[in-house]
Amino acid sequence: MCYIRIAGRIFDIIIINAYAPTEEKEENLKNEFYDDLENILDTTTNSCIKILMGDFNAKIGKEDMYRPTIGPNSLHDVSNDNGTRLINLCLAKGFTLSSTYFPRKDKLG
């Protein structure tokens, strides 16, 4: 996990890049990852634009209860554990999960 702060004229941009543990990893390892990620989000200033990117090993579903945070174009019907963790982080921090907002070709089939 790493981040960079890019100074701008009007506001700064913080880009956070992370690689989450895979779905089958232990619960405590996943908890530690998300605790570290939340620590970075909480310790960087809120006056910046924050962009979170990377591989979260998450399957984002189409659950209606997550609709304000996720888009309508997920390739999956149900979120896996990593997907739910990522969605909950986005909900808590006011982020939008943009990868599910745009249609794309189904590579799963």
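Are Phe 33 and Phe 56 buried or exposed? Both are buried, and the views below start with them. This is a predicted model, in which local features need pLDDT of at least 70 and side-chain atom pairs count only at pLDDT 80 or more, while totals for chains, interfaces and linings use all residues. Residues are numbered from 1 along each chain as its sequence is written, and side-chain values use heavy atoms, with hydrogens and water left out.

**View 1. Phe 33, Tyr 34 and Phe 56 are linked into a cluster by ring pairs.** The structure has two aromatic pairs (rings of Phe, Tyr and Trp, the last by its six-membered ring, with centres within 6.5 Å; planes under 30 degrees apart are stacked, over 60 edge-to-face, and the rest tilted). Phe 33 and Tyr 34 make an edge-to-face pair, because their ring centres sit 5.0 Å apart with the planes at 90 degrees. With a relative accessibility of 7%, Phe 33 counts as buried, and Tyr 34 is buried too, at 8% (buried is under 20% relative accessible area, exposed over 50%, partly exposed in between, using a 1.4 Å probe and protein chains only). Phe 33 also pairs edge-to-face with Phe 56, at 6.3 Å centre to centre and 65 degrees between the planes. Phe 33 belongs to helix α1 (residues 27-43) and Phe 56 to the loop between β3 (49-55) and α2 (81-93), so this pair ties together parts 23 residues apart in sequence (helices, H or I of at least four residues, and strands, E of at least two, are DSSP runs numbered from the N terminus).

**View 2. Lys 30 in helix α1.** At 3% relative accessibility, Lys 30 is buried. What does its side chain reach at 2.7 Å? That would be the backbone oxygen of Glu 23. The Lys 30 side chain also makes a polar contact with the side chain of Asp 81, at 3.0 Å (a pair of N or O atoms within 3.5 Å; within protein, one must be able to donate a hydrogen and the other to accept it, and residues adjacent in sequence count only if both atoms are side-chain atoms). Setting aside neighbours within four places in sequence, Lys 30 is in contact with Pro 21, Thr 22, Glu 23, Lys 25, Asp 81, Asn 82 and Arg 85 (contact means heavy atoms within 4.5 Å).

**View 3. Asn 57, in the loop between β3 and α2.** Its phi is near 45 degrees, a positive value in a residue other than glycine. Asn 57 counts as partly exposed, at 21% relative accessibility.

**View 4. The largest pocket and its 23 lining residues.** Gly 54, Phe 56, Leu 86, Leu 97 and Ser 99 lie nearest the pocket centre. The elements giving two or more residues to this lining are β3 and α2, and β3 supplies the largest share, six residues. (On a 1 Å grid over the protein atoms alone, a pocket is an open set of points where a 1.4 Å probe fits, with protein on both sides within 12 Å along at least five of seven lines; lining residues have an atom within 4 Å of a point.)
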